[in-house]
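Please look through this structure with me. My comments follow as numbered points.

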Amino acid sequence: MTKNPFLLLAVFSIVFTACQSSENKPEESNIAVQANAPASEPAAITTIQWLDSAFNKGTITEGEKIEIVYRFKNTGEKPLIIKDVRPSCGCTVAEKPMEPIAPGREGSIKAVFDSQNKPGPSHKTITVISNTQPESYALTFNVIVNKKS
């Protein structure tokens with residue numbers, strides 16, 4: 001091993017510079033290819049109108065399951081894709097449409113709330129991710145769960 005730290009530093013600098021130089025070349029050629037490529041179509045962003053986005057489900061008895069259906073309409077010009085639905089807790093399960101919703105058509109997101117071991121007031125949220133701006137929406141419902149006697 002060398003005892004001269006300057007020689008070691010010089011070798012390291014040359015290797016580092018060579019690595020940096022070779023890493024940049026593919027990006028540079030990629031940029032040139034992109035510049036010559038035809039303009040791509042704008043992203044498939046559409047718009048959504050929520051016909052139902054919040055519910056008050058009243059009072060139920062612990063152990064009951066309730067279904068909530070949130071309706072929406074594709075008000076844009078591109079197919080509406082519901083990418084994901086994310087309930088705020090494990091007591092709620094939500095289903096998203098599997099197929100895109102055509103412009104002008106309606107769709108729904110179905111959710112089921114299981115009140116087992118959930119006595120008291122509950123405020124639940126389902127986050128919906130779609131190809132819209134904004135990309136995410138919050139659907140909500142409230143319910144009061146009476147303790148099972």
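1. A charge sits over a ring if NZ of Lys or CZ of Arg is within 6 Å of the ring centre and within 35 degrees of the ring normal. Lys-57 does this: its charged end sits over the ring of Phe-55, 5.5 Å from the centre.

2. A word on the source. This is a predicted model, where local features need pLDDT of at least 70, side-chain atom pairs count only at pLDDT 80 or more, and totals for chains, interfaces and linings use all residues. Residues are numbered from 1 along each chain as its sequence is written, and side-chain values use heavy atoms, without hydrogens and water.

3. Now the sheet. Strands (E, at least two residues) are DSSP runs, numbered from the N terminus. Two strands pair if DSSP finds at least two bridges between them. Four strands form an open sheet, in the order S2-S8-S7-S4, with mixed pairing. Strand S2 (54-61) and strand S4 (82-87) stand at the edges with a single partner strand each, so one side of each has no neighbour in the sheet.

4. Strands S7 (residues 120-130) and S8 (residues 136-146) run antiparallel and are joined by ten bridges. Lys-124 stands opposite Phe-141 in S8.

5. Met-98 is in the loop between strand S5 (92-95) and strand S6 (106-114). Its C-alpha atom is separated by 8.9 Å from that of Lys-83, 15 residues apart along the chain.
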